Amino acid sequence: MQSYTVQPAKSVKGEIAVPGDKSISHRSIMLGSLAEGVTTVRGFLRGEDNLATLNAFRLMGIAVHDDGEVLRIEGKGLHGLAEPSDVVDCGNSGTSIRLLTGLLAGQRFFSVLTGDQYLRKRPMKRVVEPLSRMGADIRGREGGSKAPLAIIGRELAGTSYASPVASAQVKSAILLAGLYAVGETTVTEPHLSRDHSERMLRYFGADITPFDGGVTVRGGRNLRGDEIAVPGDISSAAFFMVAGLIVPGSELLIKGVGVNPTRTGIIDILQGMGGSLELLNEREVSGEPVADILVKSSRLKGIEIGGEVVPRAIDEFPVIAVAAALAEGRTVVRDAKELRVKETDRIAAMAQNLRAAGADVAETEDGMEINGVERLQGCSVDSFGDHRIAMSMLIGGLAATGPITVSDTECIATSFPNFIALLEQVAAR
Ligand code: S3P
């Protein structure tokens, strides 16, 4: 098992670009495969999660060429996938398994999806249940609520589904099934979750109509392949935003970051804490807004976080907890129960790890309460097999009084393979 020890830094400085957006990379493979003609993808994230999606489509007969820079996907149209000859392994990736479940429900073949020990514990009923209402035949462990999932492809009918959770994975699974369904499929959600599926479906020519509170797709319309440039992942940039803020004397420019408004909760939250973050050179690329982000170290203060911003920052709470642990005063996170069913229980994991680093953190059912301390201390903690827990604690280590060691750091490769190299590149000692 790999571990990594990070030494405290005097400052973080420089200009970096983070790897491509994980959510957009998944969707580029999926929609590129279902489209007619060729799709090219620049900036594709070659993390393990996305490679799991790529392998799944290769297993279903899609040719994907990778010259190391651009991916070239030879789309075969909505009905061009072939029955996979083996179980499809989604690894650690919730996005792969949930979106594929929706996409495969309306095929004319049988498929089985599974994943690693963490993914097999995560809730699947949230997609199986609404898909079953559309006529899908999906079986799984624990009454269809856990992977492996066996999907017997069938004809689907459109539905109108009010999702109880603001989840882009649930919404996207239903929309992908909706491409195959007879009639219209509508999903509403309590707050808007990331809308990359909607944007890319529109970009590829799907019959899709977002409205206030939801989105409708009409089945049967063919998609056409196109060129996609994947922006830098704001969820990866978030680690360096927090590093730049909490290490005194820092200034960091993070270039080419996706700033889709359904993802910029991290910027709103850190600015609300008094963080100096500036968006420069704002532009639009392949239907997605992009900017450079300039970060300067700041004296942070505690705030209250809840409501609509939560899904807009859902993957950033581990690193927000690090920022809050070093802010002046109290930070309260509410409405974030979803954190308990991520790659690990991120509320429990961060509370335990930050306490080991000398922070004052209390868990609540749907969030946490953090009273800021002056400095974090050196310690040894575990990643719990969760990439974002590992990276958050290593960022905390840059601003600690002594080294922080994180064990089981292989998981970082699921979303950010060059994270440690970039961290060492910007850390001045
Ligand atoms: C994702 C959606 C989010 C997020 C995950 C990626 C996606 O999950 O946590 O990392 O690409 O759709 P939920 O939609 O379940 O909140």
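User: Which residues touch the most other members of the largest nonpolar core?
Analyst: F240, M241, L354, I395, L398 and F419. That core holds 81 residues. Keep in mind that this is a predicted model.

User: Which helix gives the largest share of this core?
Analyst: Helix α8, residues 234-246. It supplies ten residues.

User: And what does F240 touch, leaving out residues up to four places away in sequence?
Analyst: I16, V18, L252, I254, F416, F419, L422, L423 and V426.

User: Is F240 buried or exposed?
Analyst: Buried, because its relative accessibility is 0%, and the cut-off for buried is under 20%.

User: How many aromatic pairs are there?
Analyst: The count is five. One of them is F240 with F416, an edge-to-face pair. The centres are 6.1 Å apart and the planes are at 65°.

User: Where do those two sit in the chain?
Analyst: F240 is in helix α8, while F416 is in the loop between β23 (404-407) and α13 (419-426). They are 176 residues apart, so the pair links distant parts of the chain. F416 also counts as buried, because it has 0% relative accessibility.

User: What about F240 and F419, what geometry does that pair have?
Analyst: Tilted, with 5.7 Å centre to centre and 55° between the planes. This pair also links distant parts of the chain: F240 in helix α8 and F419 in helix α13, 179 residues apart. Both residues are buried.

User: Which residues form the aromatic cluster?
Analyst: F239, F240, F416 and F419 form one cluster.

User: Switching to the ligand. What surrounds it?
Analyst: K22, S23, R27, T95, S167, A168, Q169, R194, I314, D315 and K342.

User: How far is the S23 side chain from an oxygen atom of the ligand?
Analyst: An N or O atom of that S23 side chain is 2.7 Å from a ligand oxygen. K342 also has a polar side-chain atom 2.7 Å from an oxygen of the ligand. For T95, the distance from a polar side-chain atom to a ligand oxygen is 3.4 Å.

User: How much of the ligand does the protein bury?
Analyst: 96% of the 380 Å² that the ligand exposes when taken alone.

User: Last one, S145. Where does it lie?
Analyst: In the loop between α5 (141-144) and β9 (146-152). S145 counts as buried because its relative accessibility is 14%, under the 20% cut-off.

User: What does the S145 side chain have 2.6 Å away?
Analyst: The backbone oxygen of E142, lying at that distance from a polar side-chain atom of S145. Leaving out residues up to four places away in sequence, S145 touches R122, P123, M124 and K125.

Notes:
Residues are numbered from 1 along each chain as its sequence is written. This is a predicted model: local features need pLDDT of at least 70, side-chain atom pairs count only at pLDDT 80 or more; totals for chains, interfaces and linings use all residues. Side-chain values use heavy atoms; hydrogens and water are left out. A nonpolar core is a set of buried Ala, Val, Leu, Ile, Met, Phe, Trp, Tyr and Cys residues joined through side-chain atoms within 4.5 Å. Buried means under 20% relative accessible area, exposed over 50%, partly exposed in between (1.4 Å probe, protein chains only). Helices (H or I, at least four residues) and strands (E, at least two) are DSSP runs, numbered from the N terminus. Contact means heavy atoms within 4.5 Å. A residue is near a molecule or strand if one of its heavy atoms lies within 4 Å of it. A polar contact is a pair of N or O atoms within 3.5 Å; within protein, one must be able to donate a hydrogen and the other to accept it, and residues adjacent in sequence count only if both atoms are side-chain atoms. Accessible areas come from the Shrake-Rupley method with a 1.4 Å probe; for residues, only the protein chains shown count as cover. Rings of Phe, Tyr and Trp (its six-membered ring) pair if their centres lie within 6.5 Å; planes under 30 degrees apart count as stacked, over 60 as edge-to-face and the rest as tilted.
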